Amino acid sequence: MPERLSIVGAGRVGRALGRELHGLGWRIGVVTGTSMTTARAAVRAIGAGQPADSLTRQVLNSTVILITTPDDTIESVAKELAEIGGEEWRGKIALHTSGANDPSILKPLADLGAATGSMHPMQTFSDRRPPELDGRVFGIDGSPAALKVARIMVRQIGGVPVS
């Protein structure tokens, strides 16, 4: 590791994690936002990636897909990603960053062979400036393969993974 990472959700959490991981050598793939404006802004903030204003098959060019959309959209995003990718999900890692949902919300992806989990920073992201993630606790959960990747990612950015 580092691997290639796509980010679905171009908001504050996606930008902060993307920037940190890119700085550590992760290759950033597609960064999906609700518009090209937000996707391009996220790519600028991260320092890498290809902007997209909708879910696209190119997300699957990455080994790890980080879903940083609002909590109430994760389930529909997972369903749409499953429809787009089908069997291509086998061997991929899909992680969401919601503290309110467990990994079962990614069941459509798990059913297609993805290792699924969650990686939730115990930190608010309300400010325009991303918070410092070094030393922050992250709640992690999921399948063994997803937990392994989440643990590695969190430790690389200086966080503390807690199952």
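**Figure 1. Leu109, a buried residue of helix 4.** Leu109 is buried, with a relative accessible area of 0%. The view comes from a predicted model. Leu109 lies in helix 4, which spans residues 107-110. Leaving aside residues up to four places away in sequence, Leu109 touches Ile67, Ala78, Leu81, Ala82, Trp89, Ala94, Ala114 and Thr116. Asp134 is 25 residues from Leu109 in sequence. In space, the C-alpha atoms of Leu109 and Asp134 are 30 Å apart.

**Figure 2. Lys107 and its salt bridge to Asp111.** Lys107 belongs to helix 4. The side chain of Lys107 meets that of Asp111 in a salt bridge, with an N to O distance of 2.9 Å. How accessible are the two partners? Lys107 is partly exposed, at 47% relative accessible area. Asp111 is exposed, at 52%. The cut-off for exposed is over 50%, so Asp111 falls in that class.

**Figure 3. The salt bridge between Arg57 and Glu88.** The model holds 3 salt bridges. In one of them, the side chains of Arg57 and Glu88 meet at 2.4 Å, N to O. Which parts of the chain does this pair tie together? Arg57 sits in the loop between strand 3 and strand 4. Glu88 sits in the loop between helix 3 and strand 5. The pair therefore ties together parts that are 31 residues apart in sequence. Arg57 is partly exposed, at 41% relative accessibility. Glu88 is partly exposed too, at 36%.

**Figure 4. The salt bridge between Glu87 and Arg90.** The side chains of Glu87 and Arg90 form a salt bridge. The N to O distance is 3.5 Å. Both Glu87 and Arg90 are exposed. Side chains of opposite charge can pair when their charged atoms come close.

Figure 5. Strand 1 (residues 4-8) pairs with strand 2 (residues 27-32) in the parallel sense, over 4 bridges. Within that pairing, Val8 has Thr32 of strand 2 as its bridge partner.

Figure 6. Which residues of helix 2 are buried? They include Ala39, Ala41, Ala42, Val43 and Ile46. An α-helix has 3.6 residues a turn, so residues three or four places apart point the same way. The cover over the buried residues of helix 2 includes strand 1, helix 1 (12-23), strand 2 and strand 3. Gly47 follows helix 2, and its phi is positive, near 95°.

**Figure 7. Strand 6 and its two partners.** Is strand 6 (residues 115-121) largely enclosed or open? Of its 7 residues, 6 are buried, so strand 6 is largely enclosed by the rest of the structure. Strand 5 pairs with strand 6 in the parallel sense, over 4 bridges. Strand 7 (residues 137-142) pairs with strand 6 in the antiparallel sense, over 5 bridges. Gly117 takes part on both sides: it is the bridge partner of Leu95, and in strand 7 its own partner is Gly142.

Figure 8. Val137, Val160 and Val162 form a nonpolar patch on the surface. Together they have about 190 Å² of accessible area. Val160 is partly exposed, at 38% relative accessible area. Patch residues need over 30%, so Val160 passes that cut-off.

Key:
Residues numbered from 1 in each chain as written. Predicted model: local features only at pLDDT ≥ 70, side-chain atom pairs only at ≥ 80, totals over all residues. Heavy atoms only, no water. Patch = residues over 30% accessible without salt bridge, like charges linked within 9 Å, V, L, I, M, F, W, Y side chains within 5 Å. Areas by Shrake-Rupley, 256 points an atom, 1.4 Å probe, with all protein chains shown as cover. Salt bridge = Lys/Arg side-chain N within 4 Å of Asp/Glu carboxyl O. Buried < 20%, exposed > 50% of the residue type's maximum accessible area, 1.4 Å probe, protein only. Pairing = 2+ DSSP bridges. Helix = DSSP H or I, 4+ residues; strand = E, 2+ residues; numbered from the N terminus. Contact = heavy atoms within 4.5 Å.
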